[in-house]
Amino acid sequence: MAENGVQQHLLHDGDRSKMPPPGRARRFRRCQTAPSHNAEQGSILLRQNMSRKGASGTLPPVPPNGLITGARPRFWLVGILLLAYLLSGTAAFYLAMDDMSGDRSGNRALDALYFCVVTMTTVGYGDIVPSSDVAKLLACVFAFAGVALVGAFLSKAADYLVEKQEALVFRAVHLNHADDPKSLRDMEANKVRYKLYTATGLLAVVLASGMAFLMKVEGMRLVDAFYCVCATVTTLGYGDRSFSSTAGRAFAAAWITVSTLVVALFFLYAAELAAERRQRELAHWVLTRRTTSMDLEAADLDGDHRVSAAEFALYKLKELGKISQEEIAEFLEEFDELDVDHSGNLSSHDLAVAQPG
């Protein structure tokens, strides 16, 4: 199963023959699998797990769909919602066009679509504006709905593009190591970097295409085209330079939607990469600093003045902020509830008694 990811073994100092009797402090035992966000690595481990199934022939339960990967809307559903938004917005502003003032292209439907897109992406050139109370309230409704919808659409579109980019990079860089766990770990570690590379390439494409169109169709100078493109993709929308022709507004309806979202993704991934770099620096410090007696005392969860591999790993994870003491306490409480015979280990019998049916 793809969600059953990186296999961890938290080893105890002794063996099963040295189990503490009931009532005594219990050492940590072995923990098999934990969910992973890396579906590609999980699929390989799935094949390994399938070859190691026990006598019962069963595997651990699959987490509910969306529990590990996130409960975001499906791409096709968001696409349908975006199309419905554009259709309803165009129809609404078409009917309200008499209550709009500003520069018209002569095509009522195209102006309505153009104003809908400019509102949805918060560009707001100001070349077409609502003039009546009804039109203003209508614009407010579509502005709020558009921002939420664009965010969901871009999130799913970015995921799709990034997955495609990662697959290409993975095949190019790790072609001869497709089943190598180290290659998979490297791929996961550089995931944000690949996202940023993808967003950078898309940003260059949308900027160049927008400038080329403005210079050729709208007749702008190079500096004015660059100025208009930058004001648009950053949603400043000064309004002194905009798409005024019929062909320009038809192009803008699609280009503005894509370009503003690509810029947002670019800065999002840049910030994410910077945060990841700081996290790696923290991890390097935690893993390389000198371990002191105070660390051993803090890592000794069961108070037996010895630190097992499991306790040491948990202490390091706490230092990295990956897990909290409260979460550890909840896990141990769940373990105690499942450990019916108080042996310090979980067995099929324990699960059958603790979770009947």
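Does phenylalanine 142 count as buried or exposed, and at what relative accessibility? Phenylalanine 142 counts as buried, at 11% relative accessibility. Here buried means under 20% relative accessible area, exposed over 50%, and partly exposed in between, using a 1.4 Å probe and protein chains only.

Before going on, a word on what you're looking at. This is a predicted model, where local features need pLDDT of at least 70, side-chain atom pairs count only at pLDDT 80 or more, and totals for chains, interfaces and linings use all residues. Residues are numbered from 1 along each chain as its sequence is written, and side-chain values use heavy atoms, with hydrogens and water left out.

**Rings**

The structure holds 10 aromatic pairs. Rings of Phe, Tyr and Trp (its six-membered ring) pair if their centres lie within 6.5 Å; planes under 30 degrees apart are stacked, over 60 edge-to-face, and the rest tilted. Two of the pairs go like this:

| Pair | Centre to centre | Angle between planes | Type |
|---|---|---|---|
| phenylalanine 93 and phenylalanine 142 | 5.3 Å | 55 degrees | tilted |
| phenylalanine 213 and phenylalanine 243 | 6.4 Å | 45 degrees | tilted |

Phenylalanine 93 sits in helix H2 (residues 75-95) and phenylalanine 142 in helix H4 (residues 133-173), so their pairing ties together parts 49 residues apart in sequence. Phenylalanine 93 is buried too, with a relative accessible area of 0%. Ring pairs also link Tyr85, Phe93, Phe115 and Phe142 into a cluster.

As for the other pair, phenylalanine 213 is buried at 16%, and phenylalanine 243 is buried at 0%. Helices are DSSP runs (H or I, at least four residues), numbered from the N terminus.

**Salt bridges**

What about charges? A salt bridge is a side-chain nitrogen of Lys or Arg within 4 Å of a carboxyl oxygen of Asp or Glu, and the count comes to eight. In one of them, aspartate 111 meets arginine 249 at 2.9 Å, N to O. That pair links distant parts of the chain, with aspartate 111 in helix H3 (residues 108-120) and arginine 249 in helix H8, 138 residues apart. Both aspartate 111 and arginine 249 are buried.

Arginine 289 bridges to aspartate 295, also with 2.9 Å between the closest N and O atoms. Lysine 316 and glutamate 319 form another bridge at 3.7 Å, N to O. Because lysine 316 and glutamate 319 are three residues apart in helix H10 (residues 309-319), about one helical turn separates them. Salt bridges that share partners join Arg289, Asp295, Lys316 and Glu319 into one network.

Methods: Helix = DSSP H or I, 4+ residues; strand = E, 2+ residues; numbered from the N terminus.
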